[in-house]
Amino acid sequence: MHTAASEPSKLKVKVIITNPFPFFPECIPEELKRDPRWVCCNRRKVPYVALVGEKETASSADPVTWRSYSEALEAFYAGRYAGIGRVIVTGEGFIGIDLDGVRNPDTGRIDDDARRLLSRLDSYCEVSPSGRGVKVWVRGGLPISYVKPGLEVYTRGRYFTVTGQMLPQYPATIEERTGTLTEIVAEEFPRPESRRCYSGPYSGPRLDLDQVLETGSVNVLAEISDASADRKYRILCPWIEEHTAAPETGTVVGQYPSGATFFHCWHSHCRHRRWRDFINYLRWFSSWRSSLPDYTGGSSEVSGIG
Ligand SMILES: [Zn+2]
């Protein structure tokens, strides 16, 4: 006979035991396993350091929090984590592509558009933990990452869960695909040239945002597709040392079709900072002041003093 008292204890057991993602380690490409770039994660994909003892969050920007594949495996099999993940690192030559919401988890059917993309990439791919997406690993070089709803291409600054639940119709190995991926990026993340001519209420000088970021050595993490902006990038905040939680996320710069530029960082220390603060910082930080048009909004140089 059921008693009311038996229900809470049942619930408690459910909370303690982590329900793991599907996991087929034998299918994970050996080249991903080689270097210590591994983390563990919970059901909500929060990354953790692969430790068996204490629990400590990890960051895809902090190599100190990464471990070897075997350490990640050991921590995962200890039963406290839902899965393991591999960090995508600059200059290593791996690119991770995430296609979200393209697969029916019940039937396994993948959308036609996504299948065309997967055939072109023709490299190792696996089903994501939710069963609704596909993650592809290729070898290649791209200058930055590209992000829009449903399609994310990462060259760094991210970790991907790795399930080993590979799609057998594609290679079991990670293939070099720089050319194909460059074409795909050009098609999927087009630059709206015509909108450059639009003249809105903003009438200041038009800066070349890409040039500013390059000259200022700004660390661009990803280009973000955003219908309201001509271009928009996720960057590393110049004031990153002042951030507390998740320091590498939440900072964007961009340019509207009118030419106006913006900077926004949601971290509390940066909340008051705007484009002018950002450009002033770049000017202060580097010695390229003379190569930039004055863009501080009317502040003029006073000569002859001092
Ligand atoms: Zn900031």
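Keep in mind that the model is predicted, with local features needing pLDDT of at least 70, side-chain atom pairs counting only at pLDDT 80 or more, and totals for chains, interfaces and linings using all residues. Residue numbers start from 1 along each chain as its sequence is written.

Let's start with helix H3, residues 69-77. Helices (H or I, at least four residues) and strands (E, at least two) are DSSP runs, numbered from the N terminus. Tyr69, Ala72, Ala75 and Phe76 of H3 are buried, where buried means 20 or more other C-beta atoms within 10 Å of a residue's own, exposed means 12 or fewer, and partly exposed is in between, with C-beta atoms placed from the backbone. These four sit on the same side of H3, because they cover an arc of only 130 degrees around the axis, taken from the directions from the helix axis to the C-beta atoms. After H3 comes glycine 79, with a positive phi near 95 degrees.

Now for strand S4, residues 94-99: 5 of its 6 residues are buried, so S4 is largely enclosed by the rest of the structure. Pairing here requires that DSSP finds at least two bridges between two strands. S4 pairs antiparallel with strand S6 (residues 134-139) over 6 bridges, and phenylalanine 94 has arginine 139 as its bridge partner there. S4 also runs antiparallel to strand S8 (residues 151-154), joined by 4 bridges, with glycine 96 opposite tyrosine 154.

Finally, valine 185 lies in helix H5 (residues 178-188). Valine 185 has 17 C-beta neighbours inside 10 Å, so it counts as partly exposed.
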